[in-house]
Each structure stands twice: as structure tokens, then as C-alpha cells.
Amino acid sequence: MKTILEDFYSAFSNLDAETMVQYYHEDIVFNDPAFGTLKGDKAKNMWRMLCGSQKKGDVIVKVSNIEYIDNLAYANWETIYTYTKTGRKVHNKVNASFKLKNDKIIEHIDVFNLHSWAKQALGFKGFLLGGTSFFKTKMNERTNMLLSGFEKKQLTSRE
């Protein structure tokens with residue numbers, strides 16, 4: 001159990017979403033400022049979509065301060081990548097908390113400064129709007145729309 005997060009973030013560093021989602025419980029609940037709350041396959045597909053949208057070598061993931069306390073775990077992680085929509089570099093710093101069940105992650109909460117992310121990813125527009133609840137709502141709508149489109153495309157390609 002003590003290597004779940006180390007292995008999860010190692011897989012993320014390699015953009016290996018299939019290995020990442022193996023560490024998620026079937027009843028996973030994920031939450032972050034960009035996507036809001038995702039459950040089950042939606043949470044797993046988010047990682048598939050995110051990892052699939054990046055080029056190997058263009059993403060740096062660093063994890064630190066991993067701590068396990070009973071069925072809880074905590075980590076700080078940061079990533080440097082290119083936001084594909086604008087081509088701008090982003091350095092995002094995240095505090096993560098986890099609940100574990102049967103050696104799987106059943107709850108994953110990522111907390112980061114959405115305004116800081118928006119300034120980097122979107123430039124001046126992100127600087128102006130990134131700290132507002134309006135922006136967060138629109139961001140959640142957009143990311144969930146992209147995720148739904150990704151899922152539909154995955155279903156179609158399997159048929």
C-alpha cells in the first residue's frame with residue numbers, strides 16, 4: 001500500500017493513464033477546480049483524456065511530501081506542460097489528498113489556485129477572469145464537455 005501514490009505519479013510522469021486508473025477504486029470520486037467532481041469511469045477517463053492530449057517529453061511531473069496515515073494519504077505535486085489550446089507553458093502546483101480502500105484510491109481531491117493556472121494558460125484573459133466564480137463555472141462546463149466528447153469518441157472507436 002505504501003507505494004500507491006509513488007506508482008500513480010510515476011505513471012502520470014510517463015503519461016500512462018491505464019496504469020494510473022488501475023490505482024483507482026471502481027467507486028472513485030475525484031474533485032479539482034478545473035473539472036469539479038467526477039465519479040467512476042468519468043474520473044478515470046479524465047486521466048485518459050489528459051494524458052492522451054500531451055506529448056511525451058513535454059510534461060514534467062514532480063511529487064513530494066507523500067504521507068500515509070491509516071487509510072488517508074497526502075501529496076504535493078507539480079506539473080509543467082503546454083496547455084494545448086493556447087500553446088502556453090503552465091507550471092501548476094497541487095496539494096492532493098486521498099482516501100484509500102482495499103489498496104485503491106477511492107477519493108482523490110486536488111487543490112490548486114485556479115486563478116494562477118488561468119493566468120499562465122490563458123494570459124491576460126485568465127488574469128482578468130481566472131479568479132471569478134463565473135470563470136470556474138465556465139471552466140467546469142468546458143472541461144466536462146470535452147470529457148464527454150472524449151468518451152463518445154472512445155465508444156465510437158470501439159464499435
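How many aromatic pairs does the structure hold? The structure holds 10 aromatic pairs, where rings of Phe, Tyr and Trp (its six-membered ring) pair if their centres lie within 6.5 Å. Before we select one, a word on the model. It is predicted, so local features need pLDDT of at least 70 and side-chain atom pairs count only at pLDDT 80 or more, while totals for chains, interfaces and linings use all residues. Residues are numbered from 1 along each chain as its sequence is written, and side-chain values use heavy atoms, with hydrogens and water left out.

**Stop 1: an aromatic pair**

Select F12 and W77. Their rings form an edge-to-face pair, 5.4 Å centre to centre with 75° between the planes; planes under 30 degrees apart count as stacked, over 60 as edge-to-face and the rest as tilted. This pair links distant parts of the chain, since F12 sits in helix 1 and W77 in strand 4, 65 residues apart. Helices (H or I, at least four residues) and strands (E, at least two) are DSSP runs, numbered from the N terminus.

**Stop 2**

You will find an open sheet of 6 strands in the order 2-1-6-5-4-3, with mixed pairing; two strands pair if DSSP finds at least two bridges between them. Strand 2 (36–39) and strand 3 (60–69) stand at the edges with a single partner strand each, so one side of each has no neighbour in the sheet. On average, neighbouring strands are turned by 15° against each other, direction ignored. Axes here are lines fitted to C-alpha atoms, for helices over the stretch in contact, and angles run from 0 to 180 degrees between N-to-C directions.

- Strand 1 and strand 2 pair in the antiparallel sense over 4 bridges, and a hairpin joins them through 3 residues. Select F30, which stands opposite L38 in strand 2.
- F30 also stands opposite H108 in strand 6. Strand 1 and strand 6 pair in the parallel sense over 4 bridges, and N31 has I109 of strand 6 as its bridge partner.
- I109 is the bridge partner of S97 too. Strand 5 and strand 6 run antiparallel, joined by 7 bridges, and their hairpin has 2 residues between the strands, with N102 in the turn at a positive phi of about 55°.
- Strand 3 and strand 4 run antiparallel, joined by 8 bridges. V61 has T79 as its bridge partner in strand 4, and V63 stands opposite W77, the residue from our aromatic pair. In this hairpin, which has 2 residues between the strands, D70 takes a positive phi near 55°.

**Stop 2: helices on the sheet**

Which strands does helix 1 lie across? Select residues 4–13: helix 1 lies across strand 1, strand 3, strand 4, strand 5 and strand 6 (104–111), running at about 170° to strand 3. Next, select helix 3, which packs on the sheet and touches strand 1, strand 2 and strand 6. Its direction makes about 70° with that of strand 1. Contact means heavy atoms within 4.5 Å.

**Stop 3: the pockets**

Switch to a surface view. On a 1 Å grid over the protein atoms alone, a pocket is an open set of points where a 1.4 Å probe fits, with protein on both sides within 12 Å along at least five of seven lines; lining residues have an atom within 4 Å of a point. Points are joined across faces, edges and corners, and a volume is the space filled by probe spheres set on them.

The largest pocket has a volume of about 640 Å³. Its lining holds 28 residues, of which F35, L50, Y81, Y83 and W117 lie nearest its centre. Strand 1 (24–32), helix 3 (41–52), strand 4 (72–83), strand 5 (88–101) and helix 6 (133–158) each give two or more residues to this lining. It divides into 18 nonpolar, 6 polar and 4 charged residues. Ala, Val, Leu, Ile, Met, Phe, Trp, Tyr, Cys and Pro count as nonpolar, Asp, Glu, Lys and Arg as charged, and the others, Gly among them, as polar.

Finally, select the second largest pocket, about 230 Å³ in volume. Its lining residues include Y83, K85, F134, F135 and R142. Helix 6 gives the most to this lining, with 5 residues, and the lining divides into 6 nonpolar, 1 polar and 4 charged.
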